[in-house]
Amino acid sequence: MCEQHSDRVACESYRRLSRRGFVAASGLSLGLAANPWTALAETLHVNGEKKVESQVQSVIIVWLQGGPSQLETFDPHPGTMIGGDVKGVASSIQGVQLADSMPKVAEKLHLTTLIRSMVSKEGDHERATINFKTGWRPEPTLEHPSIGAILTHKSNRSIDLPQHISILPSQAPSRGGFLGPQYDAFTMYDPKDSLPNLVGHVDENRRAKRLDIMTNVADAEFQRGRLKNLDANRLQQSHTANRAISMMDTEQLKAFDLHREDRALRTAFGDNPFGRGCLAAVRLVEQGVRCIEIELNGWDSHIDNHNLQYARAKELDDALSSMIQTLKDRELLDKTIVLCSGEFGRTPKINPAGGRDHWPSGFSTLLAGGPFRQGYVHGATNPAASESYDDIEKLVVDPVTIPDLHATVLRACGIDPAEETQTPIGRPIVWSEGRIRNELFA
Amino acid sequence: MSEINSQAAPRSRRWIRRLATLILLFGFVFAIFIGTRPSRYESALSLRQASTLRNSTSTAVDLLAVRRFDEAVKLVAESQSLQLAETSDWLTQCRRISLALMGSGMSFDDIRALEALPERERVSAFLESCLADPRWANYWSERFTRAFVGDNNGPFLLYRRRKFRLWLAEQFANDRSYDSLVRQLITANGLWTDRPEVNFYTATADGDEEGRADPIRIAGRTSRVFLGKRIDCLQCHDDFLGNVNLAEGEETRPGTQADFHRLAAFFDGVSVKNPLSGMVDDGREYKTTLLGQTDPEVIKPKTPFAHELFNDHLPRRAAFADWLTHPENQHFARATVNRVWNLMTGKPLVGPVDDINESDPMMESLEILSSDFVKSDFSIKQLIRTIATTDAFRRESRSDVFEVTSDHERCFAVFPVSRLRPEQIALSLFQAATLQRLNDESNILEQLGRNDQLNKFVQDFGDLGEKELGTIPPTVTQRLLLMNGGVVENATKADLVANAASRIGQFSKDEKDVIRQVYLTFLNRYPTEVELEQLLANYFADEARKQEPFDASRNIKMEVACDLGYALMNSAELQWNH
């Protein structure tokens, strides 16, 4: 809670925290060749002290911004006071229904763990989004890192692409927090469009000439007579330029070229930005990217809830079901965690405008892959179909808090959530204060 | 018939003659108007001269205070056996002023106008023109808005950030005394749409109790921004790390959890009574459960120190505001001076900006400026003038005589090299793309377009929000944005309409002239002889171009300008304060 980066401490901390060790060359090299991603079971070093085995190499977060209604998606209550116009559809788990808005995901449910009893204390979009993405409630003086930032920070993998990518972000994109902005998610939009800032505007020769002038004329003059080793210790001009060029020229960018997949698969994911983003996420997993977040927004249905939710659910259903199946077909599901959720759910009570409002007291999160159980539903909301709104908040069976979820996902990725680290000003802090929910693991 | 025709012809000729006379007369008047209207340089020049003369008595800084400050800094440097750098040239000082007050580098036009003045007058003239420019008030109001209320959207119905910021800009433009401004914030009541200062409270009304300002957040923020003390950790426990000292002078008193909650207790009653009356103080007693206790207890409001300055006959928030801004409450002046110093130089005088360490060697310097700030009736403009007059502000950031170290920077024996904030980099890029000063006189479509691009750039670059006075280390994503993003591309492509680089390339007489003008526009300085030689010999030489395929359509000078402009936009010098 007492946070601000003092310049000196921050510089030292970023040097200490950084795992990149490029040696800047004068002029321009084409950057390091990508290290092939071949490890099947990677042991993650935990500050060099404690090793926690994990097979998980990547995490895909399917982020539903705006608050998807659990009642119109993963936790329908058809025919009850709170059910609205939803009908249920049988899933591949016996006795479990999803809303009829998600028939394809229902068919894949046997590959997933579905938590129906998520709870939090944040009902504001921005605060709840930060809460869910970081596992901590927002604090005025400390910005906690998102899951992707932690995973990237703890990884000793080296690839040309960013290890933390956010596709189609709207508000509150995943940030590095106190780990530093170098762990912020690299943002990009519809994969069919050109990648943001990865394509130059002049030919290579001209680009080389321009950057040569920058390095050998302008930057050389700037460093004259100033702090020793200014570039290496502070400016990072050569390092970032070389890394940028590596990224622009790398073969790994083919992950974004979706035309390398056959048409049937592209159609199955959905011919829309979200569908394309999900397919790109699978291809990025193949390239070794550590965490990819894809956002589908527009779930904030204060008015006309049923139609709005169903419209969104259609896109989600196509893409999510295809993603899980494709990962399984490519033998990546064991090494990849898929997490699908929004920042909260929606009220059981329907308001006079036909909408549902914000509801953090019992909403759904879907997990698939990695060590998570398959074909398991955890928790429940309103199991006895109460007809009273008075105590409906209390009718959550086996609640899972957001810190618990974070602790569990981190553990699944081979990170000890109780491991202590230090913020740049020396405050000791753990990655998560939550409890690992072992009942979610196979 | 022929008689009628012959009469009609002279009449039409008369009308033609009359019309021609009118046109000539109009043209003559127009030519006089244009010929006698002052040129842009002359207008700006006379504005600055008038500004300097008009305000000369009211803008005179206390040179004694400046001398004492300079001495104190010098003593710190000497105690560490550190040499002092030389004074920097006027262009460097003006660039620092421009970055601090407007968020961008200087314009080519401004530099040319200043070159027409005697050198000794240039810095003060430029400073006064910036302080008179509405852009300064707008730019600084955003900086302080982030500190006062953060940069989040806040509760939808209860919060109007833009209104707050515009109100703050007006206060800065009028040089309202800072202590009275803060008192108005602390005691704010009413509708947040009608009384913009109320948004200081409504910004936090989205916590656990809807419609009620969050005393915890306000206490933490008040302490950081107005007292220069981070006490947020005391919300949950006493200080056991030795981080929070709440004693006065040389003594030490570790902060306690009770200190935090006694401060929060001043703000607990602020809530929305009804939509018509807005925020009022309902007098609710503050309750919390301290560590080790099982039940909540009532906590009475109490200031953390300097109790002798507290007037308990006033209502609680008024009493707190009065105590906070008391001329003898050193912490208030110090916290403000430290923040303004940070905005002027890129680094606080005593770091961190919102957690002043009283044992820091630079404390005496800070006290000198703080006393002067109080004497000036808490005038922010006067504080800026004073800072710009100090040796520390005017010093070079390099030395050819001694090796520069971090120790030199910490005590301002050299001017520190610090990363510009994202909006400063964006504004500097926009400024470098045009020869005129960016201002609000451009048409509304241009402004809207620029604001959109600015917001997008800052978002993509990575905005630190209310923590913007911290350090932003360079990242690869930022590098890609600068190398390949739209802002730099528009500023350095061959387009006479779009950017200054192309115009320089088109109208300069030769490559040498191009290089000089591009350096002036982008980096606000002339190239050194070494740079000029290198560029002409290695990159823009005729010999080099002879190797390339001949293309009659190539505009060589424009290419030189665009290539050089791109290189300078991506260089460290444009992105760092120095």
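## Report on a predicted two-chain model

At 1.5 Å a residue, the 16 residues of helix H15 (residues 330–345) of chain B should span 22 Å, and this agrees with its end C-alpha atoms, which are 22 Å apart. The expected span is 1.5 Å times one less than the number of residues; helices (H or I, at least four residues) and strands (E, at least two) are DSSP runs numbered from the N terminus. Of the 16 residues of H15(B), 15 are buried, so the helix is largely enclosed by the rest of the structure. Buried denotes under 20% relative accessible area, exposed over 50%, and partly exposed in between (1.4 Å probe, protein chains only). B:Gly346 follows H15(B) and has a positive phi, near 90°.

This is a predicted model, in which local features need pLDDT of at least 70 and side-chain atom pairs count only at pLDDT 80 or more, while totals for chains, interfaces and linings use all residues. Residues are numbered from 1 along each chain as its sequence is written, chains are lettered from A and ligands numbered from 1 in the order in which they are written, and side-chain values use heavy atoms, with hydrogens and water left out.

**Interface of chains A and B**

Contact (heavy atoms within 4.5 Å) links 59 residues of chain A with 69 residues of chain B. Six salt bridges, each a side-chain nitrogen of Lys or Arg within 4 Å of a carboxyl oxygen of Asp or Glu, are counted between chain A and chain B. One of them joins A:Arg224 to B:Asp400, with the closest N and O atoms 3.1 Å apart. Helices H1 (7–17), H3 (125–134), H5 (204–223), H6 (230–235) and H7 (237–249) of chain A each supply at least two residues of the side of chain A that touches chain B. H5(A) gives the most to that side, with 13 residues.

The residues of this side of chain A divide by class as follows.

| Class | Members | Residues on the side of chain A |
|---|---|---|
| Nonpolar | Ala, Val, Leu, Ile, Met, Phe, Trp, Tyr, Cys, Pro | 24 residues |
| Polar | the others, Gly among them | 14 residues |

A:Leu98 lies in strand E5 (residues 97–99) of chain A and counts as buried at 0% relative accessibility. Not counting residues up to four places away in sequence, A:Leu98 touches residues including A:Phe74, A:Val89 and A:Leu114.

A:Asp184 lies in the loop between strand E7 (164–167) and strand E8 (186–188) of chain A and is buried, with a relative accessible area of 17%.
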